[in-house]
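Thanks for asking me to look over this model with you. Here are my notes, written as numbered points so that you can follow them with the structure open.

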Amino acid sequence: MKLMRAAFQPHQNGKAGGPLADAEAEGGEQEAASALFAGALGAYKNPAGHRTVDFDDPIEAADIIQFADRLLRQVERAKRPQAGTTT
C-alpha cells in the first residue's frame, strides 16, 4: 500500500507527485486515485499474501479481475506522455 501511495502521490504546491499521478487532474482526484490503488492492494492482494483465501464465488472472482483490469488501464494511461511534452 505504501508503494501505491508513493506511485500516485498527488502533485501539490508546485512539487512533482508520484510517477503515476495525473498532473492534469484536480488535487482531490489525484488523492482519490492514490486511495483507490492503495485500497485495492490492501483489500485484494494483501489478504492472499497472509492466508489462504478461497475465491469460490465465480462472480466475485470475475468482479475482482475486471477491477484489476480497470486499474491496469489507468496505469497504462498514466504512463503515456502528457500533452505538450516531447519524447
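This is a predicted model: local features need pLDDT of at least 70, side-chain atom pairs count only at pLDDT 80 or more; totals for chains, interfaces and linings use all residues.

1. Does the length of H3 fit its residue count, or what should it span? Helix H3 covers residues 58-79, and at 1.5 Å a residue its 22 residues should span 32 Å. The C-alpha atoms at its ends are 32 Å apart, so the model agrees with that expectation.

2. Which residues of H3 are buried? They are Ile-64, Leu-71, Gln-74 and Val-75. These residues cover an arc of only 100° around the axis, which means that they sit on the same side of H3. As a reminder, an α-helix has 3.6 residues a turn, so residues three or four places apart point the same way.

3. What does that buried side pack against? The buried residues of H3 pack against helix H2, residues 27-50. On the face turned away from the buried side, H3 carries the exposed residues Pro-58, Ile-59, Ile-65, Gln-66 and Leu-72.

4. Gln-74 deserves a paragraph of its own. This residue of helix H3 has a relative accessible area of 16%, so it counts as buried, the cut-off being under 20%. Setting aside neighbours within four places in sequence, Gln-74 is in contact with Ala-33, Leu-36 and Phe-37.

5. Next, the largest pocket, which has a volume of about 230 Å³. It is lined by 14 residues, and those closest to its centre are Leu-20, Asp-22, Ala-33, Gln-74 and Arg-77.

6. Which helix gives the largest share of the lining of the largest pocket? That is H2, with five residues. Both H2 and H3 supply at least two residues each to this lining.

7. Leu-3 lies in helix H1, residues 2-7, and with 63% relative accessibility it counts as exposed, because the cut-off for that is over 50%. Leu-3 and Ala-38 are 35 residues apart in sequence, and their C-alpha atoms are 8.1 Å apart in space.

Notes:
Residues are numbered from 1 along each chain as its sequence is written. Side-chain values use heavy atoms; hydrogens and water are left out. Helices (H or I, at least four residues) and strands (E, at least two) are DSSP runs, numbered from the N terminus. The expected span of a helix is 1.5 Å times one less than its number of residues. Buried means under 20% relative accessible area, exposed over 50%, partly exposed in between (1.4 Å probe, protein chains only). The arc is that of the directions from the helix axis to the C-beta atoms. Contact means heavy atoms within 4.5 Å. On a 1 Å grid over the protein atoms alone, a cavity is a set of points where a 1.4 Å probe fits but cannot get out, and a pocket is an open set with protein on both sides within 12 Å along at least five of seven lines; lining residues have an atom within 4 Å of a point. Grid points are joined across faces, edges and corners, and a volume is the space filled by probe spheres set on the points.
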